[in-house]
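Please keep the sequence and the model in view while reading.

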Amino acid sequence: MSAKFDLKLQKDGDKVNVTLSGVIDEDIDFTKYPIEGAKQIQLNLGGIKSINSCGIREWIKWINKAKDASIVYDQCPKIIVDQINMVEGFLPSNGRVASFYVPYYSEESGNEKNILFTWGKEFTDKGLMTPAAVKDEDGSEMEMDVIEAKYFKFLKK
Amino acid sequence: MKALIIEDDESVRSALERILKKEGVETYCTLDMEEAISLSASHKIELAFIDCLLPSSSGNDFAKSLRERFDENELKIVLMSGIFTDRQFMKDTVNETRANGFLKKPFTIEQVKELIPASSRESSSHGEGRRESVVETIPPRKALYQLFSRIKPSYRDKKKSIEALEEIHGFDLPFLYSLLVDSKSSGHLNIVNQQGQISGISISNGVIVAVDVPDKESFLGKLLIEGGFIHPDDLDTYVLNFPKRMGQSLIQNNLLSPHAFEIVLAEQMNIRLSKTVEDMGLKFNFVEAEVDLSYPNIDSTRFETFLHDWIAGKISKSWLRAHYMQWLDTPIGLGPGYDPKSQVLKMPLFLHLENIVQNTVKAKSLGDILDQKLYPEEAFYKALHYLFCKGMLVFKNNVEQDLAAAPVNTKLVKIMDQIKGKNSLELMSTLALLVGTNDQDHKTTYKVFMSFIGQEPNAEVDPAGHALHQNLRRIVNEAYKILQNTGAKTKLREEMAKNEIEGKLKASQEFDIGKDFLSKAMYPKALEVLSRVFKVDPSLHNIRIYLLWAKIGNLDRAANRQGFLREIEIEFAQIPLEQRYDALYIYVQGFLLKAKGDFVSAKKTFEKALTADSSFVPARRELALIDSRIKAEGGDLKNMVSSFFKRRSS
């Protein structure tokens with residue numbers, strides 16, 4: 001397996017836990033990681049560093065093999081949220097997002113931080129419940145560093 | 001405290017929500033009158049922000065309905081508008097609706113905070129030196145193109161401008177690529193077109209190292225065969241067994257040299273990158289990542305040539321005209337990328353456009369330089385676009401000035417000219433390009449456009465301008481109304497699709513007739529037919545090259561031969577890169593050389609065309625004609641060369 005990509009797949013009955021990290025690109029052979037037949041699939045995506053267009057196509061082909069499963073995307077980094085928002089089928093109709101990262105930025109200090117939004121806490125089916133105040137290590141106030149209408153679009157689907 | 005927001009523009013609504021929430025105000029949003037009244041009662045709303053221009057009703061009506069139920073002490077009503085902002089209108093509207101105030105868009109955070117009663121605000125430490133910021137309602141696409149106008153846009157400025165975009169047009173890609181190359185970005189640009197096809201490029205420190213475009217015509221195997229590097233039988237074996245690493249497998253089995261592979265890979269990259277620049281809307285995102293530098297690649301020097309070719313050959317004049325309308329009244333200055341000694345200014349696009357940079361920056365505005373008609377319009381727009389993409393020219397004014405009232409008549413006349421004869425869908429698409437929006441339901445386009453044209457001139461002071469303004473508003477309102485009716489919109493789309501198909505079918509048939517005329521050297525008829533075909537369907541394969549062939553054939557009939565020749569040469573520079581590889585293009589190049597009297601080069605070029613396609617009859621015919629001419633003049637090639645040089649030195 002390429003050092004730039006890692007996938008750990010654990011089966012527990014008809015539930016599959018998958019932890020991915022690294023780069024998703026044309027070098028990934030997802031056929032090595034069969035997910036057909038699983039009833040529940042939990043994908044921990046927190047370690048994904050980048051994805052290119054080849055990787056997006058390979059991902060969609062792979063995830064569509066589990067049409068009968070209930071799929072959960074967990075700890076989605078911004079690059080994954082961007083693909084969910086842009087590409088039809090990146091998050092399949094039988095999938096949902098359990099948690100995702102939102103970048104914050106402080107204009108005063110120039111610091112950046114990613115805050116994890118979790119279903120039931122920072123967002124539900126009714127919408128967002130954003131944290132009251134986010135501060136960096138220096139105590140400077142931070143603001144969401146995304147275009148909200150665009151970034152949170154997938155929550156409306 | 002609780003506030004109600006009645007605003008259909010999502011960016012304004014979310015900005016307001018953000019500001020209010022930071023002050024501890026709970027917000028509710030709706031566009032429904034009944035719900036607004038119900039929320040105000042049940043949730044004890046104390047503050048309401050209402051946009052004057054709503055899609056299906058008037059903000060004033062909302063305000064009046066709420067005021068009928070809640071007096072000024074119970075509910076503070078603030079009306080908002082970016083369009084109707086003159087003092088008298090604001091005063092009259094506030095009086096009529098018994099609102100408490102009026103907020104002009106774009107507004108600042110402080111302006112919103114001032115509307116919240118101090119006692120209702122939660123104290124929040126802002127820190128010293130917190131900057132007031134204008135809530136931007138400038139379309140992100142327009143903001144992107146104005147990036148170079150900032151004194152020193154930081155890497156973060158550029159990154160955020162790109163991130164703010166959701167949808168762009170394929171013809172915006174050259175600018176976007178230029179920005180990524182110029183800012184030495186590293187990462188992956190992922191693109192999805194309207195058909196859902198996913199493609200992308202990878203860039204390493206400003207160097208394009210990979211182009212991923214699913215395209216059968218530039219399939220590696222096909223290019224290897226066309227280049228004569230491998231036999232089709234060898235290809236079949238390796239495609240089946242090693243679809244992803246075919247090149248490497250061929251090299252390992254000594255069927256292909258690494259050097260040849262690199263040449264073909266470079267050609268594939270060139271063709272596929274050009275194919276991304278297409279006439280359709282698309283979505284994209286940029287994933288920052290460390291990307292290794294690999295070969296072949298397209299560095300900034302090679303990229304300049306590509307940029308030139310795309311702008312010259314792919315971006316249409318109508319797109320450029322609509323795109324630059326929004327800056328018609330804006331003066332142009334030298335940008336951070338300007339260098340008077342730059343080789344860029346010697347590229348074919350700038351051929352015959354003498355002193356274009358000096359004349360453009362000297363002019364009062366873009367509209368002014370266009371009105372001077374110093375250059376052919378299409379050539380000027382293309383050269384200008386290139387200079388803007390490279391940051392060599394910038395629009396001088398800042399964002400607020402672009403939205404301020406400006407001399408209206410020139411703008412309106414040009415807009416009317418652009419929308420003349422267009423149906424509702426085409427009209428709104430043109431306006432979207434003009435104001436830099438790209439929304440499916442046309443609401444944002446409509447609002448931004450209305451803001452763009454501002455208020456109508458006073459009828460007594462400027463009756464012509466007043467009439468023009470009213471007429472334009474009426475046309476746009478009618479078109480917008482039609483498109484809000486889903487049934488009517490669908491019917492219009494179907495009609496357009498049917499007309500397009502019928503038109504293209506007819507054009508395709510006429511195209512064959514035009515080509516036939518060319519093959520018989522009937523150049524005037526060929527030019528007439530092909531010009532007509534080009535207007536209907538400029539996407540027909542190689543139509544531009546056939547048209548050039550017809551024009552060259554008519555060179556001797558032109559009243560101004562030199563001027564016509566100049567136009568032909570400018571148009572040659574606009575042929576897309578991927579169309580320059582086949583026999584037809586090479587042949588037409590030879591035809592032009594012959595028309596200019598350079599028979600030596602013409603003969604060589606015709607021979608090259610035959611190498612590319614040995615069955616290309618026109619090239620054979622021209623070679624035969626040149627050979628006959630040589631025989632008639634009683635010399636061989638050597639003599640012809642001598643006489644050519646003699647002519648040159650005299």
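Two strands are said to pair if DSSP finds at least two bridges between them, and the strands themselves (E, at least two residues), like the helices (H or I, at least four residues), are DSSP runs numbered from the N terminus. By that rule, strand β3 (residues 40-51) of chain A and strand β4 (residues 70-74) of chain A pair in the parallel sense over five bridges, and Gln40(A) stands opposite Ser70(A) in β4(A).

This is a predicted model, in which local features need pLDDT of at least 70 and side-chain atom pairs count only at pLDDT 80 or more, while totals for chains, interfaces and linings use all residues. Residues are numbered from 1 along each chain as its sequence is written, chains are lettered from A and ligands numbered from 1 in the order in which they are written, and side-chain values use heavy atoms, with hydrogens and water left out.

**The sheet of chain A**

In chain A, five strands form an open sheet with mixed pairing, in the order β1-β2-β3-β4-β5. Because β1 (5-12) and β5 (95-97) of chain A each have a single partner strand, they stand at the edges, and one side of each is left without a neighbour in the sheet. From one strand to the next the twist averages 15 degrees, where axes are lines fitted to C-alpha atoms (for helices over the stretch in contact) and angles between N-to-C directions run from 0 to 180 degrees. Two helices of chain A touch strands of this sheet, contact meaning heavy atoms within 4.5 Å.

| Helix | Strands of chain A touched | Angle to β3(A) |
|---|---|---|
| α1(A), residues 53-63 | β1, β2 (15-24), β3 and β4 | about 175 degrees |

Chain B has an open sheet of five strands with parallel pairing, in the order β2-β1-β3-β4-β5. Its edge strands are β2 (26-29) and β5 (101-104) of chain B, each pairing on one side only. Strand β1 (residues 2-6) of chain B pairs with β2(B) in the parallel sense over four bridges, and Leu4(B) stands opposite Tyr28(B) in β2(B).

**Where the chains meet**

The contact takes 33 residues from chain A and 31 residues from chain B. About 2,700 Å² is buried between the two chains, 40% of it on carbon and sulfur atoms; buried area is the accessible area (1.4 Å probe) that two parts lose on being put together, summed over both. On the side of chain A, Met86(A), Glu141(A) and Lys150(A) lose the most area to chain B, together 22% of what that side buries.

The rule finds five salt bridges across the interface, and the side chains of Lys78(A) and Glu163(B) meet in a salt bridge with an N to O distance of 3.7 Å. Of the elements of chain A, β3, α1, α2, β11 (141-144) and α3 (148-151) each supply at least two residues of the side that touches chain B, and α1(A) gives the most, with six residues.

Technical notes:
A salt bridge is a side-chain nitrogen of Lys or Arg within 4 Å of a carboxyl oxygen of Asp or Glu.
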